[in-house]
Amino acid sequence: MFNQDFLLRKLTVKGEVSNCKYHSSGHIYFTLKDPSGTLNCVMFRGNRSGLKFQMTEGQQVQVTGSCDVYVKGGSYQLYATKIEPDGTGQLYEKYEQLKKKLEELGMFSPEYKQAIPKYIRTLGVVTAPKGAAVHDIISITKRRNPFVQIILYPAIVQGDEAPASIVRGLKTLENADVDVIIVGRGGGSIEDLWAFNDESVAQAIFDCPIPIISAVGHETDTTIADFVADLRAPTPSAAAELAVYEYQRFANDIEDYRNILYGQLDAVIKGARHELNVRQNMLKAYSPWSRIRDRRMRQAEYVDTLNLLWKQQLLKSKSRLDVRIEQMKGLSPLDKLKSGFSYVEDKDGKNIRSIDQVAVGQDISVNVTDGIIYAKTVSVESGAKLDEV
């Protein structure tokens, strides 16, 4: 019936582009939609000459082609041969209007962005309780740091009830004393992600005192929530990577810091010991005991010098004495006695040098070399003096 219908062989359909994918094979797959329905479309690589621009999400276009059955999927779709722009899509236009409004209010300004804490203990997550997004966040968090607690608020992330549900989730986690919040969902069309382009969600993110990481859709998807959030992650998995520090790396860093600290502490101790030795040596140099020791050493040197000088002086004196002795030997009475002379004394021990000192009958003593001769004066006669003999 599709093949035989003349109208379906060449028709033009107007609608909004959604789920547009440029396949590696060169084919383009997308969906046309309006408020009443959707239509799957494909433009094969051979018909790409009928497309003069790059299609994006939310564009309003006119697609010309044929409608036929896709047997494998059991559905019909439009095989496009020509695509022309037909103005901006309604959703995309709303998106741009809200983006401009919030930007003028300053809600995208960097000065309002909160820093994401480096180390967290509790992670809050606002997303659907089932799906790849929450699974990826939990898996990566447990792998990176099993000690981080995850508090999940099971929010509705698609449909009319989604914005209010996301706002309730943010307020609930705000009161749960979490360290950081991840808000987001997996990929989808612009309609699927539209809850994160809602003004109430943007305002709740902006007002939240807890740092928020947005993780909506795939890397190419951008929503209003991404601009308002404190940090945008390209995917939910990347958001978990950004929010949760890796415990093993943290432990390794602590070990490295400890080794560095021990090394620096050892260096400080060695430096202090060296300084202590220097101070001790300085104290020894200025201490009384050191001065006493130096004085004692100088005293010993003085004693040695004095003994040397004394010995030298003694030798000189001894030499002079020997000379004097030799000189005195010639004047010694003993030597005179040995030469035959004698020494005469009266009874009082006075030397008798003249006859005037002696009377007849007076006792005298005569000292000779080997003794004393006691005698009595018999007579006294004057004669020649001894020094004249």
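In this predicted model, glutamate 275 and arginine 279 pair through their side chains in a salt bridge, with 2.9 Å from N to O. Both residues sit in helix α8, four residues apart, or about one turn of the helix. Glutamate 275 is partly exposed at 36% relative accessibility, and arginine 279 is partly exposed at 47%.

Salt bridges that share partners also link Arg143, Arg144 and Glu241 into one network. Within it, arginine 144 bridges to glutamate 241, their closest N and O atoms lying 2.6 Å apart. Arginine 144 belongs to helix α3 (residues 132-144) and glutamate 241 to helix α7 (residues 236-243), so this pair ties together parts 97 residues apart in sequence. Arginine 144 is buried, with a relative accessible area of 14%, while glutamate 241 is partly exposed at 31%.

Back in helix α8 (residues 247-286), arginine 258 and glutamate 255 are three residues apart, about one helical turn. They form a salt bridge too, at 2.5 Å between the closest N and O atoms. Arginine 258 has 40% relative accessibility and is partly exposed; glutamate 255, at 32%, is partly exposed as well.

| Salt bridge | N to O distance |
|---|---|
| Glutamate 275 and arginine 279 | 2.9 Å |
| Arginine 144 and glutamate 241 | 2.6 Å |
| Arginine 258 and glutamate 255 | 2.5 Å |

A search of the whole structure finds eleven salt bridges.

What about the cysteines? The structure has zero disulfides. For cysteine 67, the closest cysteine sulfur is that of cysteine 41, 8.8 Å away, which is too far for a bond because a disulfide needs the sulfur atoms within 2.5 Å. Cysteine 67 is buried at 7% relative accessibility, and cysteine 208 is buried at 3%.

How values were computed: Residues are numbered from 1 along each chain as its sequence is written. This is a predicted model: local features need pLDDT of at least 70, side-chain atom pairs count only at pLDDT 80 or more; totals for chains, interfaces and linings use all residues. Side-chain values use heavy atoms; hydrogens and water are left out. Buried means under 20% relative accessible area, exposed over 50%, partly exposed in between (1.4 Å probe, protein chains only). A salt bridge is a side-chain nitrogen of Lys or Arg within 4 Å of a carboxyl oxygen of Asp or Glu. Helices (H or I, at least four residues) and strands (E, at least two) are DSSP runs, numbered from the N terminus.
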